[in-house]
Each structure stands twice: as C-alpha cells, then as structure tokens.
Amino acid sequence: CKADLLCDFLKYNTADNLYLVGDIIDGWQMKKRAYFPQAHINVIRRVLTRSKRGTNVVYITGNHDEFLRRYSGMSFGNIHLVDEYVHHTPDGKKLWVIHGDAFDGVVCNQKWLAVVGDWAYENLLRLNVVINHVRKLFGKDYWSLSAYLKYKVKKAVAFIDDFERTLARECKKRGYQGIVCGHIHHPDIYDIDGITYGNSGDWVESCSALVEHADGQLEVIRWRQLDRELQLAET
C-alpha cells in the first residue's frame with residue numbers, strides 16, 4: 001500500500017465524516033507475518049487526530065479485516081466499527097455504505113479461490129515495483145500491470161459489471177438512492193438504473209478516495225495524480 005500518500009491525503013483533506021470502507025488492515029497478510037511499519041502507524045495517528053478534532057470516523061469491515069466483525073457495533077469516542085452504514089447527503093439522499101464482499105460469490109462460496117487470487121495479485125504488485133523502477137529511470141510515469149490485466153481480461157470485466165449491478169439492485173430493494181463501496185479496487189461513479197454507484201478504489205494502486213462536496217455531489221479524487229500535478233505546479 002501507499003501509506004505515505006494516504007497519510008498525505010488525510011493531512012490536507014478534512015471532512016465531517018470519514019468512511020474507511022473495509023480492508024484497512026490486511027488480516028490475511030498479518031496471519032503470515034507481522035508487518036506494521038512507521039508509515040502505517042502514521043496513518044492511524046492521522047485518523048485518531050481527525051476523530052479527536054470532531055470528525056465522525058466510521059470503519060466499515062471488509063473481508064480482509066473480517067476478524068473485526070465480531071466487534072461490530074462498538075464505538076470508541078468518534079470512531080464507530082460497523083459492517084454497513086447509511087449516509088445522508090445534503091440533498092436528502094440515502095447512500096448505503098458497505099465494503100461489498102458479501103456480494104462477491106467467490107469470497108462467499110470459494111474462499112480458497114479468493115486466497116489464491118490474493119496471492120497472485122500480491123505477486124503482480126511486486127512485479128509492478130520492478131517495472132516502475134525501470135520506467136522511472138526512463139522518466140516515465142507510474143503504470144500498473146495488475147490493473148491493466150484486470151481491466152483487459154474479459155472474465156474480470158464481466159465480474160466487475162455483475163458485482164456493480166448486483167449491489168445496485170440490492171440498494172434499490174432497500175430503498176436507498178445510492179451506494180458507496182470498495183472491494184473490487186475499481187474507483188468509479190456512475191448511474192445504474194437510477195441508483196448512484198460509487199466505488200472508492202484503494203490505496204495500493206489507484207490511491208483514490210470518494211469525496212462529497214457541500215452540495216452532495218460525489219467525486220473520485222486520485223491523490224497520486226493530483227499530488228504530482230501540485231508538485232509540478234510548485235516547480
């Protein structure tokens with residue numbers, strides 16, 4: 001993960017509500033080895049500082065941090081641990097905030113396959129590091145091999161489309177006007193049969209967040225790209 005970029009984002013952006021939409025702590029990896037460097041601790045400190053200053057922090061549990069679901073419903077000051085949440089927008093809409101793994105057939109019914117997929121994804125990310133080290137030597141921007149493959153393989157594209165539409169149908173059934181989720185690491189906002197679908201992405205590749213403006217409008221911010229543009233503007 002790009003913990004330094006996430007820490008930077010939290011430093012320069014404030015909000016009344018901060019939603020952590022699952023998989024914040026990777027319990028699957030922590031079972032293999034304890035790995036919690038200073039950069040990760042800095043992120044936690046940023047979140048705690050936000051909560052102390054009045055931000056309502058809602059931690060939505062995901063499949064990688066499912067070990068926290070046994071504590072769902074607990075609150076620690078302004079920090080609330082839940083499996084799902086309903087956010088009310090300034091223009092009167094109700095957004096269903098959920099990680100989304102409960103609507104992933106692979107995670108629910110074939111967890112071994114999800115673990116294998118996670119292993120493959122982890123190794124693709126390692127390969128990304130090598131590829132982008134070479135690209136940097138030639139003055140080229142970051143490029144993700146894993147993201148490229150994910151959005152080019154037909155089965156992966158079909159899975160993403162099915163996942164999004166399944167969530168939208170459930171959202172409409174519950175009487176909500178929109179959904180905010182994560183899980184598939186694909187940041188996007190668009191309309192599905194009258195339901196606003198929003199995915200916040202991740203802080204591994206896209207380094208993105210889903211933000212709400214004062215008028216209720218939603219927008220995806222890609223912090224890696226914006227941070228680079230700001231640095232170029234300063235020079």
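Biologist: How many aromatic pairs does a search of the whole structure find?
Modeller: The search finds six aromatic pairs. This is a predicted model: local features need pLDDT of at least 70, side-chain atom pairs count only at pLDDT 80 or more, and totals for chains, interfaces and linings use all residues. Residues are numbered from 1 along each chain as its sequence is written, and side-chain values use heavy atoms, with hydrogens and water left out.

Biologist: Why is the pair of Trp 96 and Phe 103 called edge-to-face?
Modeller: Rings of Phe, Tyr and Trp (its six-membered ring) pair if their centres lie within 6.5 Å; planes under 30 degrees apart are stacked, over 60 edge-to-face, the rest tilted. Here the centres are 5.8 Å apart and the planes stand at 90°, so the pair is edge-to-face.

Biologist: What makes Trp 96 buried and Phe 103 partly exposed?
Modeller: Relative accessible area decides: buried is under 20%, exposed over 50%, partly exposed in between (1.4 Å probe, protein chains only). Trp 96 has 0%, so Trp 96 is buried. Phe 103 has 23%, so Phe 103 is partly exposed.

Biologist: Which residues do ring pairs link into a cluster?
Modeller: Phe 9, Trp 203 and Trp 223.

Biologist: Why do Arg 69 and Asp 101 count as a salt bridge?
Modeller: The term needs a side-chain nitrogen of Lys or Arg within 4 Å of a carboxyl oxygen of Asp or Glu. The closest N and O atoms of Arg 69 and Asp 101 are 2.8 Å apart, so the pair meets the definition. Arg 69 lies in the loop between S2 and S3, and Asp 101 in the loop between strand S6 (94-98) and helix H4 (105-109), so parts 32 residues apart in sequence are tied together. Helices (H or I, at least four residues) and strands (E, at least two) are DSSP runs, numbered from the N terminus.

Biologist: Is Asp 101 buried or exposed?
Modeller: Asp 101 has 6% relative accessibility, so Asp 101 counts as buried. Arg 69, at 29%, counts as partly exposed.

Biologist: How do you know that Arg 165 and Asp 193 meet in a salt bridge?
Modeller: Their N to O distance is 4.0 Å. Arg 165 sits in helix H7 (residues 154-173), Asp 193 in the loop between strand S8 (188-192) and strand S9 (195-199), 28 residues apart.

Biologist: What makes Asp 193 exposed?
Modeller: Its relative accessible area is 56%, so Asp 193 is exposed. Arg 165, at 34%, counts as partly exposed.

Biologist: How many salt bridges does the structure hold?
Modeller: Six. Glu 84, Glu 170, Lys 173 and Arg 174 are linked in a network of them.
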